[in-house]
Amino acid sequence: IPDHKALLPRATRDAVRLAPLGEHLALALHTGRNSILAYRYSYSGGGFKRDWRTLVEPGVAVGGRSTTSGTFDPFGGLHDQWQVLLDTDANGRLALAVNLNPTDYAEGHATHFRETLPADFFTGALLTELALDGRRVGTSYLETRVQTEVKAIKWHGESIVAVGRFLPTRLPDGSGWDGLVSVIPAGRHGREDPFCCPSMLR
């Protein structure tokens, strides 16, 4: 990144997600430095005030991707490297997720938070739970060992549900994606094995 103060650093895209917390607001930000931040804003007196700011993932290198073949992918896979996913529940908890490939979030996460991840963990996604006060409850990692794209996360009672797709085998026409679902109990963190839905998206 040639200029850290630039609003739009070269080869990166800022991305923001918003989610309601009653009358208040949760915000997740993928910054130009490729870090992931979470915020809570409370509403009173006709305006918003920031309550807290929490680092979810440290800034890392992101290798930009571009179209290199003639296949057509309507799921917007080229933009997944920039996106951050966010959901809130009625108790004010936040869930955030980022896809790994082609980022270095796994290495950056393990180093910054001093958490042990598998040495070959370079595909899949990281899903972090934050408490009402912004405290990190923990991070789960979805490990598929193939190209994976989490598309949405949602609180469901005392669990966080992540859905998306993964590519066990690339077929000659560029297809071959299967569906992916993972249900993670609140308060639990570590390795998670997603449920796979073969042929769902072929």
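## Basis of the description

Two strands are said to pair if DSSP finds at least two bridges between them. Helices (H or I, at least four residues) and strands (E, at least two) are DSSP runs, numbered from the N terminus.

This is a predicted model, in which local features need pLDDT of at least 70 and side-chain atom pairs count only at pLDDT 80 or more, whereas totals for chains, interfaces and linings use all residues. Residues are numbered from 1 along each chain as its sequence is written, and side-chain values use heavy atoms, with hydrogens and water left out.

Strand 2 (residues 24-30) and strand 3 (residues 36-44) run antiparallel and are joined by 6 bridges. Within this region, Leu29 stands opposite Leu37 of strand 3.

The open sheet has 4 strands in the order 1-2-3-4, with antiparallel pairing. Strand 1 (15-21) and strand 4 (47-57) are the edge strands, each pairing on one side only. From one strand to the next, the twist averages 20 degrees. Helix 1 (residues 105-113) packs on the sheet and touches strand 2, strand 3 and strand 4. The direction of helix 1 makes about 100 degrees with that of strand 4; axes are lines fitted to C-alpha atoms, for helices over the stretch in contact, and angles run from 0 to 180 degrees between N-to-C directions.

## Ala38 in strand 3

Ala38 belongs to strand 3. Ala38 counts as buried because its relative accessibility is 0% (buried means under 20% relative accessible area, exposed over 50%, partly exposed in between, with a 1.4 Å probe and protein chains only).

Beyond neighbours within four places in sequence, the contacts of Ala38 (heavy atoms within 4.5 Å) include Leu27, Trp52, Val56 and Leu130. Ala38 and Glu57 are 19 residues apart in sequence, and their C-alpha atoms are 9.6 Å apart in space.

## Asp87 in strand 5

Asp87 lies in strand 5 (residues 85-88). Asp87 is buried but has no salt bridge (a side-chain nitrogen of Lys or Arg within 4 Å of a carboxyl oxygen of Asp or Glu). Lys154, the nearest side chain of opposite charge, is 4.0 Å away; Lys and Arg count as positive and Asp and Glu as negative, while His and the chain ends are not counted.

A polar atom of the Asp87 side chain lies 2.7 Å from the backbone nitrogen of Trp155. Setting aside residues up to four places away in sequence, Asp87 touches several residues, among them Arg93, Ile153 and Trp155.

Arg114 is in the loop between helix 1 and strand 7 (125-130). Its phi is near 55 degrees, a positive value in a residue other than glycine. Arg114 counts as exposed because its relative accessibility is 78%.

Conventions
Polar contact = N/O pair within 3.5 Å; in protein donor to acceptor, adjacent residues only side chain to side chain.
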